[in-house]
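Please look over the model below before reading my comments.

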Protein chains: 2
Amino acid sequence: MRKSEISSLVIHRMPRYYRCLERLRNKGIDRISSRGLGIQSGLTPSVIRQDLSSFGEFGQQGIGYCVEDLLREIVEILGMNNGYTAVIVGAGKLGNGLMSSFPFETYGINVISFYDTDPEIVGTTVFGAPVHHISELAAHLTEHPVDIGILTEDLGSVDDLTKMFSEGGVKGIWNFTNTELKIKGEEPVVENVHLFDSFFSLCCSINGYGRRC
Amino acid sequence: MRKSEISSLVIHRMPRYYRCLERLRNKGIDRISSRGLGIQSGLTPSVIRQDLSSFGEFGQQGIGYCVEDLLREIVEILGMNNGYTAVIVGAGKLGNGLMSSFPFETYGINVISFYDTDPEIVGTTVFGAPVHHISELAAHLTEHPVDIGILTEDLGSVDDLTKMFSEGGVKGIWNFTNTELKIKGEEPVVENVHLFDSFFSLCCSINGYGRRC
């Protein structure tokens, strides 16, 4: 199967496989069946076999998957060793929390800088990364291209920020704002973390709506 | 359609409708067609009509939806005015960031307290909410039942925390940890925000995998 033909559902399950396999490796387990990986990941063995076969021939019937080999392949697929660079828009509580709690460094992601408008924050550093004024973003992207733009706050207009990222050659946007981004063309790709939607769909379920699994 | 028969995909789109309708109301718009709501939300008019019809008869052909009425109905569906209570496990950067940046108060969600293990944090308050030691959680849930447990950190064992929430009568868990929660039975319902999975599926797309929309 060609890289571009793999469905986004499969793409979204790959990091989950990585997490499970990393836990298994840390426990010293070197081989696992699709049934065993199913118990770890909460997915069915057939979904796992189908997902992994999209990327090539990993498992052997009756023997299962070699944890180390599969991990190495998934690291390649996820681009974990590609040395991606990122900038974060918004050096407030969410941007700060993300920088300190998300394992960017562990996986070779270099967060170069923050952008904000607050005069008390601009000019400082957050966990070693300088905070610039948002008005400098476009020029900086031209001078030093980055791979990933992380939007933690609507500073001004989300449409303008998206345009700046797009024109500045950013390849992917991790969007924490409550706004749907309008992208013209194929890039940047967008991954949304709509916390509002996540929390209130939980409330909706508590309120009695929706099927239980 | 019965409440419990509505699919989780529909449930997950309801907060998005709320966000769009709130923006429209703030602009003074009092009526909108499914086509207009489609442009705002990035969904197709037929998906919108189908989703909303699961909850009853809202729109009128040729006239569209009354923004105010639909908002009021969605507030009911999402349980926004139900006065839900919540506790947050982990008073570190992510828990802090969430408390300060997420609009709990605006939507009537009362975050009663935090739980942590760090002796430097336990005994303090975070944005007015006291930080207790995690060992007190089970007893507190028995004394003062809460609706929602928010897991921002693996403090000890996620399985133990899940069990405590479950036995303490918590109705829903908002899970930010990297672990899949094991729930026995129908409650609590779980909504996962796997930031790791979200970020690395973005990297995977940047790496050339997956269909572009």
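The numbered points go from the whole chain to single residues.

1. Basis of the note. This is a predicted model, in which local features need pLDDT of at least 70 and side-chain atom pairs count only at pLDDT 80 or more, whereas totals for chains, interfaces and linings use all residues. Residues are numbered from 1 along each chain as its sequence is written, chains are lettered from A and ligands numbered from 1 in the order in which they are written, and side-chain values use heavy atoms, with hydrogens and water left out.

2. Overall build of chain A. Chain A contains 8 helices and 9 strands, where helices (H or I, at least four residues) and strands (E, at least two) are DSSP runs numbered from the N terminus. Its C-alpha trace spans about 60 × 45 × 35 Å along the principal axes. Of the 213 residues in chain A, 53% are buried; here buried means under 20% relative accessible area, exposed over 50%, and partly exposed in between, with a 1.4 Å probe and protein chains only.

3. Contacts and charges. Among the contacts in chain A with a separation of 6 or more, 56% join residues 24 or more positions apart, a contact being heavy atoms within 4.5 Å. Chain A carries 19 positive and 26 negative side chains, and the centres of the two sets lie 12 Å apart. Lys and Arg count as positive and Asp and Glu as negative, while His and the chain ends are not counted; each charge is placed at NZ of Lys, CZ of Arg, CG of Asp or CD of Glu.

4. The interface. Chain A and chain B bury about 6,300 Å² between them, with 67% of it on carbon and sulfur atoms; buried area is the accessible area (1.4 Å probe) that two parts lose on being put together, summed over both. In chain A, the residues that lose the most area to chain B are Arg19(A), Phe199(A) and Tyr209(A), together 11% of what that side buries. The contact takes 69 residues from chain A and 69 residues from chain B.

5. Just after α2(A), Gly42(A) takes a positive phi of about 80°. Ser54(A) sits in the loop between α3 (45–53) and β2 (65–66) of chain A and is buried, with a relative accessible area of 12%. Leaving aside residues up to four places away in sequence, Ser54(A) touches Met1(A), Ile6(A) and Val10(A); Ser54(A) and Ile6(A) are 48 residues apart in sequence but 6.9 Å apart in space, C-alpha to C-alpha.

6. Backbone points to check. Most residues other than glycine have a negative phi, and most peptide bonds are trans. A cis peptide bond joins Glu187(A) and Pro188(A), with omega about -5°, and Pro188(A) lies in the loop between β8 (172–175) and β9 (189–192) of chain A. In chain B, a cis peptide bond joins Glu187(B) and Pro188(B), where omega is about -5°. Phe127(A), which is not a glycine, has a positive phi near 45°; Phe127(A) is partly exposed, with a relative accessible area of 47%.
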